Amino acid sequence: MRDKQIENLKDYKYGFSTDIESFKAPKGLNEEVIRFISNIKKEPDWLLQWRLKAFERLKVLKEPDWQKPKYPKIDYQDLYYYSAPKSFKEKPKNLEDLDPKLLETYKKLGIPLQEQKRLNGIAVDAVFDSVSVATTFKDTLTEKGIIFCSISEAIQKYPDLVRKYLGSVIPITDHFFATLNSAVFTDGSFVYIPPNVKCPMELSTYFRINASDTGQFERTLIIADKGSYVSYLEGCTAPMRDENQLHAANVELIALEDAEIKYSTVQNWYPGDKDGKGGIYNFVTKRGLCKGKNSKISWTQVETGSAITWKYPSCILKGDNSIGEFYSIAITNNHQKADTGTKMIHLGKNTKSKIISKGISAGKSDMTYRGLVDISKNASNSTNYTQCDSLLMGNKCGAHTVPYIKNKNSNSNIAHEATTSKISEDQLHYCQQRGLNQEEAVGLIVNGFCKEVLQQLPMEFAVEAQKLVGISLEGSVG
Amino acid sequence: MEQKLKTDFDKFISTSNFSNQEIKLKKQALDNFLKNGFPSRKLENWKFSDINQIIQKNIGELEFYNDYNVENKINDDIFIKEIEHNKIVIINGKVERLSFEYEESDKINLTTLDNFNQNSNDDNSLLSLNNSFSNKIHNILVKKNYSFKKPLIIYQITNEKVSNTNINFQLNFELEENSSIKIINLSDDNSEKNFINNLFNFNLSKSAILKNYKIDKKSNTNIKYDYSSITQKENSISETFIFSSGSEYIKNEVSCNLEGQYSSAFINGIHLLSKNKHHEIRTNTNHLYENTKSYQLIKSVIDDSSKSVYQGKIYVDSKAQKTDGYQLSKAVLLNEQAEFNAKPELEIYADDVKCSHGSASGSLDEDSIFYLMSRGLDQKTAKELLISGFLLDVVEKITDEEIKKLLKNMIGLS
């Protein structure tokens, strides 16, 4: 019996779930549930109206179906849209008040919530299911005037900021999943960096999906005011489950004049078992707006988990001289599917964008890079450089590249390159000759293949990500 | 439109003599078209060129009935003098002359097809439209081990007798084992505002060679869709060259199925656009067997408020190991109003492959212009020199020397 349990856990290192009794809203998607969520979070009326407006819109929207990975129809009436750990009805004042079981869960995940927080210098806003658990390092940040809290808290404390920017990049009239999120989002992070402040530490949130059948609808809003800088980390792990779980988060970034936002993600949610059963549906909308002149937004992502990853972190380069960057590693193994890429919308003059995408598919998986580079009429002297490389392991997997290139400005340049190949026998042979076994050799070569992207990650993440790249491909060779 | 289509179709059938079988197939094709209508931007393939909208904007109400009983005179002046060649003359979608005077007559078999390939491709209703309204389909079969001595020039002519009309035309080529043919497809449009829908089928058996050069140079306001479907067996080679410049709107679609090993497909194209033109090339190369090769090079020069689109897809089946696929598209935008859209796509299911694509678009290189001007050229000449150099790259890919020379003269590049 015990052996069997261990056997189950071996496949997925982070596969466990805590037995905290969840406090749930009734199943289903309707006005009642939205009012319930809004009410329980003591939201102001404008937000409730905003949610309801999104819900109205949702009724006429259709789920998109142009994506490569197909999935069984989701019954939106069969999901819980709100669940909170029961012991959290009253928010804890400090870490010691936390449910010890919960703390243990985080310990297993290696989240630096207590001792590690000081060592790592990371402020953590950990989200357990849908309610913020604890926010640390507040003092250091408060000193600088930086606001880093859960979005529910921000709605209570800084309603003007939230009202001004919420939905300004991803409007409620956007596509199906973004609108669904607008209607039912429960929690997420809120960051505001005041003018000319350089955030002294990497801000980090670990998301964790817990209760079975609960879709997570996170909403993250990051605002970098004039001349400020922030680097934000997002990392995900989820417990092992049989049913597919939907995750439709919205992330909005706004960079004002001379501001810079760096957003890094390591996503390692449960990808389903070897036969493709279970796993998370990761349908996330991430969009950044370079609103002011000389602003910069940079997305870095390492996507190794989820049964289906379907997201396009995008940059709208509205301010003149603004810069958008996208660095991505996506790894699919077994039956995983990914359809990911970016959109770079050049609106301002002298805007620049760079896209580096590395896709690796193994097993029976399917990987698609889909991207859009759109240089509008007024975006003179803009440039884009895109490189997407794919690596295939075995002949049961697929790698696809679907770039859309639109150039409407004669003074702008777009360059796009893509290659698809496999690991060369020579490289493998060389590494094995030097004493590495085949798996190590593959890991090494793949890490080299991804290096351009790994370099973009903050230190704390880079190490973890490198390990992840190796772990994700275990068993894919031979 | 539906009623118009039905009445025009009945009129067409009653004035032609098709067999019952043909009429049945044509009816099916019409039903399929009625179901789908003209393709619009909602379909992925037509994302950049909404032909439904383009037809409505430029032509409006279309006449689908095209009278194939009308006698048309062939004006011999239009024939190319520089090289000796075989001819197929098509006027307003009707084959007026087939002459293979330079070839051995027992090596070629000319027939008309009773049965056509029912393309049930829902994504492309224009093929259904073509099937339902095209005249008798001629089939040209080149027998085993025979190579054409002289090129075949297909003159595709429209005259002033047609306007606001939909002209559908279809032609079939069968190349038996080890045979070869060189084709120049020359458009000569003297009509305005028609929608011309062409479909060419090429079946290449083992070791057959097809060289197909398509030239659309003469300025006209017609809207065209041109689809070439090429199936290739072992060791066969196909070479397609597209020069697209004259028509108001044209979408050239080339679809290659590489079904046998060591087969290869080369598609090269030029867009030379000015005024308000909108041209698209879409290539679809399907690698379905081991050791196949494909190469695409598309270059666009876009002036005024014209628009160039390139959609290229390389598909590699899981069986097609050792595939070699390469695709490059480049565009020069000469005017602020010009637009270039590209979608170079890879869909790969085999691991031991070498596939890459590249796409670049931008203005002419300032440094190069400066260099030439510092050598005494004025700006206009410097630009022209750079453009012809840019395009010459594609023309040089033509493997037949005689035709290369002819086309260079015709296009005005040397």
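Among contacts in chain B between residues at least 6 apart in sequence, what percentage join residues at least 24 apart? The figure is 83%. Keep it in mind as we walk through this structure, which is a predicted model.

Let's stay with chain B for a moment and look at its overall form. Its secondary structure comes to seven helices and 19 strands. If you trace the C-alpha atoms along the principal axes, chain B spans about 70 × 45 × 45 Å. A compact globule of 414 residues would have a radius of gyration near 22 Å, and the 21 Å of chain B agrees with that. Of those 414 residues, 48% are buried.

Most residues other than glycine have a negative phi. Now find Asn164(B), in the loop between strand E5 (152-158) and strand E6 (166-175) of chain B. Its phi is near 50 degrees, a positive value in a residue other than glycine.

Next, turn to chain A and look for strand E21 (residues 366-375). Nine of its 10 residues are buried, so this strand is largely enclosed by the rest of the structure. Which strands pair with E21(A)? One of them is strand E18 (residues 337-340) of chain A, which pairs with E21(A) in the parallel sense over four bridges. In that pairing, Lys337(A) has Asp366(A) as its bridge partner. Strand E19 (residues 343-346) of chain A also runs parallel to E21(A), and four bridges join them. There, His346(A) is partnered with Ile375(A). Then comes E23(A), parallel to E21(A) and linked to it over 10 bridges. As an example, Met367(A) stands opposite Ala399(A) in E23(A).

E23(A) also leads us to the place where the two chains meet. In total, 30 residues of chain A are in contact with 32 residues of chain B. Strand E23 (398-407) and strand E24 (413-422) of chain A each supply at least two residues of the side of chain A that touches chain B. That side divides into 10 nonpolar, 15 polar and five charged residues. Across the boundary, six bridges join E23(A) to strand E18 (residues 339-348) of chain B, and these two strands run antiparallel. You can find one of the pairs by looking for Lys406(A), whose bridge partner in E18(B) is Asn341(B).

Our last stop is helix H11 (residues 438-454) of chain A. Its 17 residues reach 22 Å from the first C-alpha to the last, close to the 24 Å expected at 1.5 Å a residue. Where is the kink in H11(A) centred? Look at Gly448(A), where there is a kink of about 40 degrees. Several residues of this helix are buried, including Val446(A), Phe449(A) and Cys450(A).

How values were computed: Residues are numbered from 1 along each chain as its sequence is written. Chains are lettered from A and ligands numbered from 1 in the order in which they are written. This is a predicted model: local features need pLDDT of at least 70, side-chain atom pairs count only at pLDDT 80 or more; totals for chains, interfaces and linings use all residues. The expected span of a helix is 1.5 Å times one less than its number of residues. The bend at a residue is the angle between axes fitted to the seven residues ending there and the seven starting there. A residue is buried if 20 or more other C-beta atoms lie within 10 Å of its own, exposed if 12 or fewer, and partly exposed in between; C-beta atoms are placed from the backbone. The radius of gyration is taken over C-alpha atoms; the globule rule is 2.2 Å times the number of residues to the power 0.38. Two residues are in contact if their C-beta atoms, placed from the backbone, lie within 7 Å. Ala, Val, Leu, Ile, Met, Phe, Trp, Tyr, Cys and Pro count as nonpolar, Asp, Glu, Lys and Arg as charged, and the others, Gly among them, as polar. Two strands pair if DSSP finds at least two bridges between them.
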